[in-house]
Amino acid sequence: MNRRPRGASMPFYAYSSFNKRGGKVVDIVTRRRNKALDMYQEMSTYETIAECLDISVTTVVQYVARAKAKGDVRVKRPFKHRGRQLALQRRKSISDMKAMGLSCREISKRLGINVRLVQIRLKESDNGTAK
C-alpha cells in the first residue's frame, strides 16, 4: 500500500516558494527579498534585517549573495563599515542642528555624544576640512 506518513499531508515540494506552473517566485517572497535588499542598502545588519522580516539570517545572506551575483545596485554599499556611514550621518546631523540654531551642548544631548566632538566637527565643517 502506498500511504503517506502521518502529519505529511502534502509533498515537500508543495511548500516551495517557486511556482511550478509559471516558473515565477511567489509575490510575498519577492516583496520580502526586495525589503531585505533595501534594508541592506540602508546599512542594516543581517541580524537586524532577519529580525525585522521574521526570516533566517541565512536567508538574508542568500538574498544578498544572489543579488551580488546578478549585479543588483542595492548591494553596493558606499562603505564596507557601518561605523563610517554612521559617522557621516552624525556629521550631517550636527551641521543641520547648528543651522537650526541649537547650541553645542543641546546637539550633544540630542545625539548622545560628547560636547567636544560636536565642537570639533563644527570647526572642521567651518574650515572646509570635513571629509
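Analyst: Buried means a relative accessible area under 20%, and exposed means over 50%. Please keep in mind that this is a predicted model.

User: How far apart are the end C-alpha atoms of helix α3 (residues 57–70)?

Analyst: Helix α3 holds 14 residues, and at 1.5 Å a residue these should span 20 Å. The distance between the C-alpha atoms at its ends agrees with this expectation, being 20 Å.

User: Which residues of α3 are buried, and within what arc do they fall?

Analyst: Val60, Tyr63, Val64 and Ala67 are the buried residues of α3. Because they fall within a limited arc when the helix is seen down its axis, they line one face of it, and that arc is 90°.

User: Which residues are exposed on the other side of α3, and what covers the buried ones?

Analyst: On the other side of the helix, Arg66 and Ala69 are exposed. The cover over the buried residues of α3 includes two helices, α1 (27–41) and α2 (46–53).

User: Which residue has a side-chain oxygen close to a backbone nitrogen at the start of α3, and which residue follows the helix?

Analyst: At the start of α3, a side-chain oxygen of Ser56 comes to within 3.1 Å of the backbone nitrogen of Thr58. At the other end, the helix is followed by a residue with a positive phi, near 85°, and this residue is Gly71.

User: Is Met97 buried or exposed, and what separates its C-alpha atom from that of Ile107?

Analyst: Met97 lies in helix α4 (residues 82–99), and because its relative accessible area is 15%, under the 20% limit, Met97 counts as buried. Leaving aside residues up to four places away in sequence, Met97 touches Leu102, Ile107, Arg110 and Leu111. Met97 and Ile107 are ten residues apart along the chain, and their C-alpha atoms are separated by 6.6 Å.

User: Is Ser108 buried or exposed, and which residues does Ser108 touch?

Analyst: Ser108 belongs to helix α5 (residues 104–111), and Ser108 is buried because its relative accessible area, 5%, is under 20%. Not counting residues up to four places away in sequence, Ser108 touches Ile113, Asn114, Val115 and Val118.

How values were computed
Residues numbered from 1 in each chain as written. Predicted model: local features only at pLDDT ≥ 70, side-chain atom pairs only at ≥ 80, totals over all residues. Heavy atoms only, no water. Helix = DSSP H or I, 4+ residues; strand = E, 2+ residues; numbered from the N terminus. Buried < 20%, exposed > 50% of the residue type's maximum accessible area, 1.4 Å probe, protein only. Contact = heavy atoms within 4.5 Å. Expected span 1.5 Å × (residues − 1). Arc of directions from axis to C-beta. Polar contact = N/O pair within 3.5 Å; in protein donor to acceptor, adjacent residues only side chain to side chain.
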